[in-house]
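This report describes selected features of the structure shown below. Please read it with the sequence and the model at hand.

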Amino acid sequence: VSVYKVRLFASKSVWVYLVRDSYLLSLNKVTVMLSQTVLYEEEQFRLKHVCSSLLKEALAKTVIVLDREGQMLANSGDTEGVDLTAMASLVAGMVAATSGLAQLMGEDEFPAQAHEGKESNLLLSCLGLNYILVVIYDKQSSLGLVRLRARKSSIELLNIFKCIEERSDKTDGVDLLSEISDADIENLIGDAF
Amino acid sequence: VSFINYSSREIILKIVYCGPGLCGKTTNIKFIHTATNPDARGKLVSLETRQERTLYFDFLPLSLPAIRGFKTRLHLYTVPGQVFYRASRKLILKGVDGIVFVADSQTARQEANLVAMDDLEENLGEYNLEITKIPFVIQYNKRDLNDILPVETLREDLNRWGVPDFEAIAASSEGSGVFETLKAVAKMILVELRRAR
C-alpha cells in the first residue's frame, strides 16, 4: 500500500499518514488548532534566488512561487502591471480545481498545467503537497525548456519549503499580537473601514 | 491558517463568505470593494456566470493598518452557493481563518439556508474544523424584502451556537450591516490569534 506522510497543520508537528485510497489514519489523534505558516527573510531570500536563476536559465519573463492557499512566497522578473495577489489566488484556485478533476479521473494529481496565449504562456507546476511554481514566458523560450529548467529548480525549492515548514513548526506562534489590547483591536478595525 | 511573512512584514488572514445561492455573498464583497478607500483595497476578482452566479469564487484583498510594524491584510473570498458546487466550496475553505455565513431572509429560502449551513459544517468537518472553534458570524441579509422571516426565527433555526449575528441589506446604497459583519469577524480572528499565542 502506498502511504504518504502528510502535514495537516503548519505550526505544530502533527502528521497523519495518507494511504493511497485517501484513508486517514491516526486522524483521531489530531486536535483542532489554529496553525500558521511563517516565512522568514532567510528562506524568502533563498526562494527569490532560485526564482531569479530559473528566470535566466528558462529565458522566462516572470517566476512566482506560492502556496496552495494562494499566498505568494517569492517572485522574480517582470511583475509590472501584474496584480500578483490576484494572480496567486487565481492560480491556487485553478490548481485546486484541476486536482479535483484529477481525482475524479482516478489520478492523484495533474502535477503540471501549461496555458498558451498569443503573447504570454504559463506553466504551473505543483511542488509537493503544498506549493506551486508559476513560470510566465513568451516566444523567446519554449515549453520544453521551461519544463526542463523548472524541474531542476523544483528540487532546490522543495528543500527550502522543508526549511520553512520546520521553522514554522518550531515557532510556537509568532508573538506579534500578545501585547495588543482589546481597545487596540477595536481601534485597528474601526480605523480600517 | 494565518500566513506571516517576515520579509514583507505582512500578516494575511483569510475570510470566507458562505451561504445559499443568490443570498448576497458577492453583493457583500462588491459593496466592501466600492466603499473602501482605493489605497486599502486590491483588485476585485469575480468569477460570475451571466446569471450572477459565482462560478468559482470572488476574491478581494483589503489592507488594515499595521500591527507592531506588520501590515495586516484580509483576503476575502466568497464560495459558490449552488448545491452542485460543493467540491469548489470545500477547496476555498482550505486554510480559512474566519467565516461569514450570509443567510437569505426570505421565507422561501429558509430551507436553502439550512442546507447551506449543514454543507458548511460538513465541509469544515472534512478539514477537522468545527464552527464553534473558529471565528464565525452570521448575517441575515435582504431585510428590506417582502415576505421575510423575523430575525428571531432565523436566529433560532440558523444560529444554534449563539455566535454574533447581524441584519443586513447588502444591495442597498448604504450597504447596511455589511461592514458591521466584516468588522465583527475580523475582530474575532485577531482576538483568536492573540489567544492562540
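In which strand is the place of Thr72(B)? The sections below begin with this residue.

## Basis of the report

This is a predicted model, in which local features need pLDDT of at least 70 and side-chain atom pairs count only at pLDDT 80 or more, while totals for chains, interfaces and linings use all residues. Residues are numbered from 1 along each chain as its sequence is written, chains are lettered from A and ligands numbered from 1 in the order in which they are written, and side-chain values use heavy atoms, with hydrogens and water left out.

## Thr72 of chain B

Thr72(B) belongs to strand 5 (residues 70–78) of chain B. Helices (H or I, at least four residues) and strands (E, at least two) are DSSP runs, numbered from the N terminus.

Thr72(B) is buried, its relative accessible area being 0%. The term buried means under 20% relative accessible area, exposed means over 50%, and partly exposed lies in between (1.4 Å probe, protein chains only). When neighbours within four places in sequence are left aside, the residues in contact with Thr72(B) are Ile11(B), Leu13(B), Leu62(B), Ser63(B), Leu64(B), Pro65(B) and Ile67(B); contact means heavy atoms within 4.5 Å.

## The sheet of chain A

In chain A, five strands form an open sheet in the order 6-5-9-8-7, with antiparallel pairing. Its edge strands, each pairing on one side only, are strand 6 (72–77) and strand 7 (112–116) of chain A. Two strands pair if DSSP finds at least two bridges between them.

Strand 7 of chain A is joined by five bridges to strand 8 (residues 121–127) of chain A, and the two run antiparallel. Ala112(A) stands opposite Ser125(A), which lies in strand 8 of chain A.

## Where the chains meet

The contact takes 42 residues from chain A and 44 residues from chain B. The area buried between chain A and chain B is about 4,400 Å², and carbon and sulfur atoms give 66% of this area. Buried area is the accessible area (1.4 Å probe) that two parts lose on being put together, summed over both.

One salt bridge is counted between chain A and chain B. The side chains of Glu69(A) and Lys94(B) meet in a salt bridge (3.6 Å, N to O); the term denotes a side-chain nitrogen of Lys or Arg within 4 Å of a carboxyl oxygen of Asp or Glu. On the side of chain A that touches chain B, the elements that give two or more residues are strand 4 (36–39), helix 1 (41–57), strand 6, helix 2 and helix 4 (182–192) of chain A.
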